[in-house]
Amino acid sequence: MTKIDSLRRFLLPCITPPTNSTTVSFPGATTSTGASKKRLSTSLRDDIDVQDSASSSASSSEATSAAADYNLSAVTVPQRPSKTMVIGTIFGRRKGHVWFCVQHDRLSVKPILLLELSIATSQLVHEMGSGLVRVALECPTRPELKSCLLRSVPVWTMFCNGRKLGFAVRRSANEETRLMLKRLESMTVGAGVLPSGSGLGGSGESDTDEVMYMRANYEHVVGSSDSESFHLINPDANSAQELSIFLLRTSS
């Protein structure tokens, strides 16, 4: 009996584990794991919700900021001047004065602008020899001229390289001018002389004198309703000559 009691005392715990440890260990562990998993999933879900909310708020603020920047830039950035390419022809008799003609293209015989300038042809040639020519045509903002197009102003005060040289008058193209433009329609860039007897005499000019001309591409810049300019595009990149004609409506 003593041996059996001894074997029972040593082997029974190995074959049948104590119920107390099972009851104490596993339920506690199970409860702890379940609580841990529950806390992890809840925390993860909450974190995701917080991140989504933060991301949504950031995106919303960025979109609002971008819209504000766009509206601000749309209000503060000034409108850029429009630029187009036109054909400009300067011509005049050797002993006469200069004309300036602007066409949309070389095939158009009806100029969009034709001005008779008071500067003599020989004087303009001399000014161009200096390498820099700036012709400014100014008109005051009179009530009767304030609402008309700038190119429709009939009379201008003329300045050449800062010196006042009389006036410029807007003209309508007559048959002789159209004939000259027809003869030059095959040319985009170039200079030359038309023979006498071409019928291109201006007011009080003799028809027996040769007509000098210079034709080129011009960049037409419209800055505003009171400012336009024509800038000669020189085909010779090495040449220092520059020619610009400005139309300005002044406040004085």
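**Cysteines and aromatic pairs**

Mentor: There are zero disulfides here, a disulfide being a pair of cysteine sulfur atoms within 2.5 Å. The model is predicted, so local features need pLDDT of at least 70 and side-chain atom pairs count only at pLDDT 80 or more, while totals for chains, interfaces and linings use all residues. Residues are numbered from 1 along each chain as its sequence is written, and side-chain values use heavy atoms, with hydrogens and water left out.

Take Cys139. The closest cysteine sulfur to its own is in Cys148, 7.2 Å away, which is too far for a bond. Cys139 is buried, at 1% relative accessible area; buried means under 20%, exposed over 50% and partly exposed in between, using a 1.4 Å probe and protein chains only. Cys101 is also buried, at 0%.

Now the rings. The structure has three aromatic pairs. In one of them, Phe91 and Trp99 have ring centres 6.0 Å apart and planes at 15°, so they are stacked. Rings of Phe, Tyr and Trp (its six-membered ring) pair if their centres lie within 6.5 Å; planes under 30 degrees apart count as stacked, over 60 as edge-to-face and the rest as tilted. Phe91 is buried at 6%, and Trp99 at 11%.

Phe100 and Phe230 are edge-to-face, 5.8 Å between centres and 70° between planes. This pair links distant parts of the chain, 130 residues apart: Phe100 lies in strand 2 (residues 97-103) and Phe230 in strand 9 (residues 227-232). Strands are DSSP runs (E, at least two residues), numbered from the N terminus. Phe100 is buried at 1% and Phe230 at 0%. Together with Tyr218, Phe100 and Phe230 form one aromatic cluster.

Notes. Helices (H or I, at least four residues) and strands (E, at least two) are DSSP runs, numbered from the N terminus.
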